[in-house]
Amino acid sequence: MKKPTGLAAAGIAVPIPLKLDDASMSDIAQALADGRVNATALTKAYLARIEAYDRGGPALNAVRALNPDALGIASKLDGTKPSARQPLAGIPILVKDNIATGDKQPTTAGSLALEGAHARDDATIVKLLRDAGAVILGKANLTEFSNMLAVDMPAGYSSLGGQVKNPYAPMLIDDRGIPVVPPGGSSAGSAVAVAAGLCAASIGTETSGSLLYPASQNGLVTVKPTVGLVSRAGIVPIAHSQDTAGPMTRTVRDAAMLLNVLAAKDVLDPATERQRRPVDYTAGLMRDAMKGARIGVPSDPADPLNNPYYGKLPPRSAEVLADAITVLEDLGAVIVRASIPTPGWIGGPGTTMAVLNRNPLSRHKGTVARPPVVFLYELKRDLDLYLRDWATDTEIRSIADIIAFNAAHAEQALRFGQDHFLAANMTRGDLSEREYKSARAMDLLSAKTRGMDAYMNQHKLDAVLFPGSEGCGIAAKAGYPSVLVPAGFISGADDKDTPDYPLGITFAGRAWSEHKLLRLAYAYEQASNIRKPPPGLAGV
């Protein structure tokens, strides 16, 4: 007799007329609207998948904590169908555990120092999700403090939540207990949960790469919005100059649906006052949207020394990008191969700080890391404000308190050290330093004025195409949007053989151009049809 696997092995049977390991949020919404499933059954099915695959089976560890009220919320939505007023009615969604919820769920950023800490209210984006009818299923695991605690902290690790695994290669772990194929960071749990069918969609955050990298590693679609499109109020910060939240989904249409909900002005976040958005991001998602679009590929064969984005791609990654570009050409795009001007490179004069790497498990221990000045200076100010204004049920009130707590509980809290926090705590915390102001000005000059703006103006581009998350830094420092979509599969990591795992492509553009980037990504997605769910996680 064949041995049961998955949900059956866990003794769980939840009849659902959808394959949740691969169902799009749009399909789920349609099933709810048609009455083929209700919110309670759907929530139970996702909880069953979490039990079978996140807690048991491959133990993906993507979900840090479940919402104890999820089933109660779902039951109240059983008679409500998705509509224009509540487009997410009954749809279970996970949010990254640096996004405040004013309910029974703690908001911890994955830190032992904040274990049990709650928030005084929902983050603005959580309020918007609830108003749209979403069932907040729980909190997703993440790289602790969004990967700003320690140099070389593994993607998806937090002292409170442990290590997230990539669902395409969950059993490959190195001698330090770190996944050979990273799940991506810092929104690792948010991405893995969607890829593995543990929720209909999720919300992650990014300062530079934390949406794009995990989406690429897990075969998902994400939108890194223009800074100011989505409110940051109630989100544990790194740096307000670049922080933003965004959707993580299986399809471009799903991402557009979620962005419709998330993109709203908010008096609690002044950056949203200048927001520009269309009425509906799903409008204009057409298969022929690529025709005539001018797509910049920053890799000029005549300028081989100025090729930071494509020049070091491994052979299989280069093949995936070549195939993707062929698809774009077949769709009618005009491909412009031209290097971004050298001043557009990231890390110009005075924009990074030397930090000694004391991480005991780092392959580079004892060398000097160079994190961005803006991150370290804004981190102290912004995190202290969050702890003062949002955190409850905790005695932790500053970054200095976190550092002291970690030192007192080093065996559990400092597996990888806290070198970034130590460096950040040396700043004044009021952003008055000349070196901070200079670094921020240099970031904007190199990434925006002499980078993306100059490049797109010179070549009259509609978007810039980057491999995976390689272009995250230049778009993030400019505050500009990016949309990543699955493009293919690669293998091999850390000089080891691996199963195939995903690689995406990123369309980046000017401020408030999310609607254009989504249309381009949709046309490519429909023509390529690349995404495949992780093997071994089928079932309900």
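**Note on side-chain contacts in a predicted model**

1. The side chains of D269 and R232 are joined by a salt bridge, at 2.6 Å from N to O.

2. A second salt bridge pairs R363 with D174, where the closest N and O atoms are 3.8 Å apart. Here too the pair links distant parts of the chain, 189 residues apart. R363 is in the loop between β12 (355–356) and β13 (368–369), whereas D174 is in the loop between β6 (162–163) and α6 (188–195). D174 counts as buried, because its relative accessibility is 11%.

3. R363 and D174 also belong to a network. Salt bridges with shared partners join D174, D175, R176 and R363 into one group.

4. D121 and K127 form a further salt bridge between their side chains, with 2.9 Å from N to O. Are these two residues buried or partly exposed? D121 is partly exposed at 27% relative accessibility, and K127 is partly exposed with a relative accessible area of 36%. The count for the structure comes to 19 salt bridges, by the rule used here.

5. Turning to the rings, the structure holds five aromatic pairs. One of them is formed by Y309 and F466, with ring centres 4.9 Å apart. Why is this pair called edge-to-face? The planes of the two rings stand at 70 degrees, so the pair is edge-to-face; the cut-off for that class is over 60 degrees.

6. Y309 is located in the loop between β10 (294–297) and α9 (315–330), and F466 in strand β15 (residues 463–467). The pair therefore ties together parts that are 157 residues apart in sequence. Y309 and F466 are both buried.

7. Two arginines are placed over aromatic rings. R120 lies over the face of W390, 4.1 Å from the ring centre. R415 has its charged end over the ring of Y157, at 5.6 Å from the centre of that ring.

Terms used:
Residues are numbered from 1 along each chain as its sequence is written. This is a predicted model: local features need pLDDT of at least 70, side-chain atom pairs count only at pLDDT 80 or more; totals for chains, interfaces and linings use all residues. Side-chain values use heavy atoms; hydrogens and water are left out. Rings of Phe, Tyr and Trp (its six-membered ring) pair if their centres lie within 6.5 Å; planes under 30 degrees apart count as stacked, over 60 as edge-to-face and the rest as tilted. Helices (H or I, at least four residues) and strands (E, at least two) are DSSP runs, numbered from the N terminus. Buried means under 20% relative accessible area, exposed over 50%, partly exposed in between (1.4 Å probe, protein chains only). A charge sits over a ring if NZ of Lys or CZ of Arg is within 6 Å of the ring centre and within 35 degrees of the ring normal. A salt bridge is a side-chain nitrogen of Lys or Arg within 4 Å of a carboxyl oxygen of Asp or Glu.
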